[in-house]
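User: Could you take a close look at the surroundings of the ligand for me? I would like a connected account.

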Amino acid sequence: MKYFFYCILAVAVLSLAPHTSLAFTMKLGVVTKPGSAQNIVAEKFKELVEQRSNGALSVKIFHSASLGNETEILQQIQLGTIQLGIITSGPFDSFDPIVRVIDYPFLFKDSQQADEILDGPLGQEILTSLESSGFKGLCFSENGFRNLTNSRKPVNSPNDIDGLKIRVMSSALHKAIWQALGANPTPMPWPIYTELEQGVIDGQENPLWVMEVYKFYEIQKHMTLTRHVYSAHIDVASLNWWNSLDSDTQELLQKSMYDAAKFQRADNRAKNAQRLEMLKQKGMKVVETPDIGALREKVSSLKEIELFSDPKVQSLLTRTLEATR
Ligand code: EAX
């Protein structure tokens with residue numbers, strides 16, 4: 001009888017913590033503030049991990065650049081002083097040039113195509129490649145399609161971009177894209193409200209949620225739906241730390257991050273139409289159908305530039321361009 005009781009007890013205890021033998025807290029860094037795309041992934045991940053491990057695992061989110069900018073968060077993940085990050089793909093390109101493939105201008109027709117590629121074998125090649133820089137690539141969530149805003153004039157075609165001082169992410173590719181489009185691009189880490197407000201830069205480019213959450217409608221009169229780059233986040237862990245976890249814990253974390261990413265992508269997309277209306281109501285003048293053909297033409301020879309010359313990067317770019325044609 002006693003033996004039976006202990007068996008029941010053992011089963012009960014095991015089912016309380018089905019996936020992990022150890023209790024610990026992991027640190028997750030994002031540069032953005034609550035309500036942002038990155039934070040929605042982070043919060044969903046936290047909720048799922050804590051629920052699925054019955055509280056054995058907990059996630060502490062560091063947001064609003066409290067750990068530094070995205071490049072600095074990545075460096076801390078490499079070192080293992082933070083375990084996880086939801087980081088915009090742009091700033092990854094100084095760690096691994098293969099990431100430039102995702103940020104190639106006008107690559108994806110729509111969100112569905114982005115999901116097919118990034119959740120498939122081509123996306124997996126990027127995640128695997130990151131291991132040589134000390135990251136375990138878990139999956140992709142999204143910032144979304146990027147659009148241009150500026151304080152000076154409506155932009156319909158490349159002529160209107162000529163000479164505009166545009167803030168770009170800390171990414172050699174993003175700088176090259178805006179140079180090709182005729183702007184005067186200035187790489188700068190996030191956040192950038194003050195620089196826009198003071199007129200240090202005329203404009204910037206980001207998905208619609210950014211204009212809402214960071215209130216860019218207060219300081220940027222003009223917006224053009226350029227959708228020039230699909231901006232992913234790469235959801236990563238510190239590779240050394242990851243390798244120290246048992247396989248059940250890895251599986252729980254991997255699955256929770258993917259579920260959080262899928263939740264966030266759907267959430268982000270569902271809100272875009274309403275956001276656009278809200279931004280117009282706030283007074284932004286929106287060019288909804290710019291001359292995309294002319295913009296594409298300006299960046300059409302980017303695949304030949306030095307930034308894509310590494311054979312591994314060139315090969316993935318060629319295959320991805322083929323798959324998205
Ligand atoms: O998500 O730096 C950027 O422009 C990013 O898109 C920013 O982190 C907002």
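Analyst: Happy to! A residue is near a molecule if its C-beta atom, placed from the backbone, lies within 6 Å of it. By that rule, the residues around the ligand are Val31, Thr32, Thr88, Asn143, Met169, Trp190, Asn206, Val210 and Ser231. This is a predicted model, in which local features need pLDDT of at least 70 and side-chain atom pairs count only at pLDDT 80 or more, while totals for chains, interfaces and linings use all residues. Residues are numbered from 1 along each chain as its sequence is written.

Sorted by class, this shell holds four nonpolar, five polar and no charged residues; Ala, Val, Leu, Ile, Met, Phe, Trp, Tyr, Cys and Pro count as nonpolar, Asp, Glu, Lys and Arg as charged, and the others, Gly among them, as polar.

Most peptide bonds are trans, yet a cis bond, with omega about 0 degrees, joins Trp190 to Pro191. Pro191 sits in the loop between strand 7 (184–187) and helix 8 (193–197). Helices (H or I, at least four residues) and strands (E, at least two) are DSSP runs, numbered from the N terminus.

The C-alpha atoms of the protein chain fill a box of roughly 85 × 45 × 30 Å along the principal axes.
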